[in-house]
Amino acid sequence: RLVRSSPTESIRRTCCTSIVGPLLPMHLVLTAALLTVRASSTFRFFETIAPPHRLLHMSNDDTTPPDLIRQNEGGMGTGWLADDHRKFFSPPASRNKQPILDILQQHLEPSEEGTVVLEVSSGSGQHVSHFAPNFPKVQFQPTEYPGFASPKAKGPQELSEILTSIDAYCENCENVLPAKFLDATAGTWPGEEGGVACPEYAAVITINLCHISPFAVTKGLFAGAGRTLRPGGGLFFLYGPFKFDSGLATPASNAAFDEKLRQLDPNFGIRNVQDIDAIASTHGLARKATHDMPANNHLLVYEKQ
């Protein structure tokens with residue numbers, strides 16, 4: 001997706017991700033074997049180079065990849081779509097968008113008028129463009145951050161390219177607002193006018209960001225969600241690989257993935273849910289649900305008290 005400041009500093013700092021992450025993913029020291037067992041998070045890790053678009057008529061069962069141009073170096077199938085150069089394509093986003101939607105539909109009311117959902121680190125745009133049509137009365141605000149596309153990138157991505165990919169994926173979605181820049185660690189998020197919090201979001205969604213960014217980004221996510229979510233029921237959906245009770249990454253494939261991330265950058269790594277819960281509580285959020293997801297991932301659901 002995106003690396004924060006330097007190729008080895010933060011492959012995907014904050015919101016504004018999956019670009020290629022769709023965006024949010026990258027490669028350097030990850031081995032082919034690791035890519036096989038940790039396909040979901042690893043690809044996302046590579047996906048950072050540019051903005052993508054949602055694949056039209058492509059389901060999780062599709063086996064034929066789309067034609068790509070400007071393929072992401074080491075991206076294992078990520079790149080810009082040949083039939084629409086504005087859109088970046090991420091295989092992980094294509095695979096996990098439906099399983100994530102299934103969980104969102106269990107928690108979000110699709111018919112509630114005036115509902116606004118903020119996506120932090122939208123990546124290519126494949127996720128939000130898939131979610132939005134299923135919640136026609138909900139307004140979505142996608143965001144992204146222009147970090148480095150991969151450890152080998154010579155410079156940060158162009159913000160305009162990232163946001164263009166998201167907007168291109170969503171051009172036929174009437175309930176998706178134009179994509180915005182958002183640094184998850186910033187003290188002000190969309191919805192906070194003049195630095196004053198205006199709680200308005202029914203939900204905040206972040207996909208595959210915490211493990212490939214400094215821990216300060218995770219802290220920033222909860223601080224921002226705590227300020228901008230509706231009190232008494234606003235939800236924060238956090239997707240990715242996590243460590244649970246023992247503090248150890250399981251199964252073995254996740255442990256290997258965690259080690260590779262830390263070798264790439266000591267600030268990266270699979271986060272411990274107990275640490276995340278502690279941060280959440282300081283911002284008025286409590287975990288209300290934990291969903292098992294494909295490829296050894298989980299979707300954590302936090303509620304604003």
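This briefing covers the nonpolar cores and aromatic contacts of the chain above. The model is a predicted one. Its chain has eight helices and 14 strands, and 59% of its 305 residues count as buried. The accessible surface comes to about 11300 Å², with 52% of that belonging to carbon and sulfur atoms.

**Nonpolar cores**

- The largest nonpolar core holds 32 residues, and L104, L108, F131, F140 and F237 have the most contacts inside it.
- Helices and strands both supply this core: the elements that give two or more residues include α3 (91–107), α4 (126–131), β5 (138–144) and β10 (235–240).
- The top contributor is α3, which gives four residues.
- Setting aside neighbours within four places in sequence, L104 is in contact with F131, F135, I205 and F237.
- Another core lies apart from the largest one; this one has 25 residues, with V116, V120, V273 and I276 among them.
- As background, nonpolar side chains in soluble globular proteins tend to be buried together.

**Aromatic rings**

- The count of aromatic pairs comes to five.
- For W80 and F88, the ring centres are 5.4 Å apart and the planes stand at 90°, so this pair is edge-to-face.
- Both partners of that pair are buried: W80 has a relative accessibility of 2%, and F88 has a relative accessible area of 0%.
- One aromatic cluster is formed by F222, F236 and Y302.

Methods: Residues numbered from 1 in each chain as written. Predicted model: local features only at pLDDT ≥ 70, side-chain atom pairs only at ≥ 80, totals over all residues. Heavy atoms only, no water. Phe/Tyr/Trp six-rings, centres within 6.5 Å; stacked < 30°, edge-to-face > 60°. Buried < 20%, exposed > 50% of the residue type's maximum accessible area, 1.4 Å probe, protein only. Areas by Shrake-Rupley, 256 points an atom, 1.4 Å probe, with all protein chains shown as cover. Core = buried A, V, L, I, M, F, W, Y, C linked by side-chain atoms within 4.5 Å. Contact = heavy atoms within 4.5 Å.
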